[in-house]
Amino acid sequence: MLRLRVISRLFAGAVAAGATMRDCTRAARRYSGLLSTGSGAWMQIRDAVAADAAAIAAIYNHAVCETTAIWNEVEVDAANRAAWIAERQGAGFAVLAAEDAGEVLGYAAYGPWRAFDGFRQTVEHSVYVAQGAQGRGLGRKLLAALIDRARASDLHVMVAGIEAGNMGSLRLHAALGFELVAMMPQVGQKFGRWLDLAFLQLKLDDRDAPGKGGA
């Protein structure tokens, strides 16, 4: 419960600092498009393609082997990620890649929250940045672009499931308007220890009922 209180204070602090949903929407828009990486080059956020699969697999596998960002224990190959990209995009979901000087440094995607008709305007997302590219704002740029894409796709809610000790990801999501809605202690395991899962969500529009300007 101490961890829940700490995370709750993090999100309360974001609100106290003036990070309203409208403010976060404006911030997301400012981060869409192109961004200097600090190396003199320019990074582009674009739709992922099959040729990105090997780089995306490498980023994914590092998270599998070295972090608790992904609660899987099996690595994947480029063919697996190429099929995943095709499946997600074929179903109308976003898979985005961050490219700098021809190198894919991160990716973000969303997919179904739950496989029932009533959840069709809610998605769960993920954002991953290559180890050597972290700390440059790429994660924020990818998430902001993903939020923009979700709004353009007439979605209503985005959900993030984050390991409760991943304070960097929690801060990133708080900065872009996500709210902590649930904490599930010890529902996962990795590296010989139990993991707590924090659920966050962002409401993408202010419709008071489905079907008003949407599905």
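**Terms set against values**

Modeller: Alanine 101 counts as exposed, at 74% relative accessibility. The model is predicted; local features need pLDDT of at least 70, side-chain atom pairs count only at pLDDT 80 or more, and totals for chains, interfaces and linings use all residues. Residues are numbered from 1 along each chain, and side-chain values use heavy atoms, without hydrogens and water.

Biologist: What makes alanine 101 count as exposed?

Modeller: Exposed means over 50% relative accessible area, buried under 20%, and partly exposed in between (1.4 Å probe, protein chains only). Alanine 101 has 74%, so the word is exposed. Alanine 101 sits in the loop between strand S3 (95–100) and S4, and has a positive phi of about 55 degrees although it is not a glycine.

Biologist: Why is aspartate 154 called partly exposed?

Modeller: The relative accessible area of aspartate 154 is 25%, so aspartate 154 is partly exposed. Aspartate 154 lies in the loop between H5 and S6, and its phi, near 65 degrees, is positive in a residue other than glycine.

Biologist: Why are H3 and H4 called roughly perpendicular?

Modeller: H3 and H4 pack at an angle of about 105 degrees, with their axes 8 Å apart. Angles of 65 to 115 degrees count as roughly perpendicular, under 35 as roughly parallel, over 145 as roughly antiparallel and the rest as oblique. H3 and H4 are therefore roughly perpendicular to each other.

Biologist: Which residues of H3 and H4 meet?

Modeller: Contact means heavy atoms within 4.5 Å. Ala53, Ala54, Ile56, Ala57 and Tyr60 in H3 meet Ala78, Arg81, Ala82, Trp84 and Ile85 in H4.

Conventions: Axes fitted to C-alpha atoms, helices over the stretch in contact; angles between N-to-C directions. Helix = DSSP H or I, 4+ residues; strand = E, 2+ residues; numbered from the N terminus.
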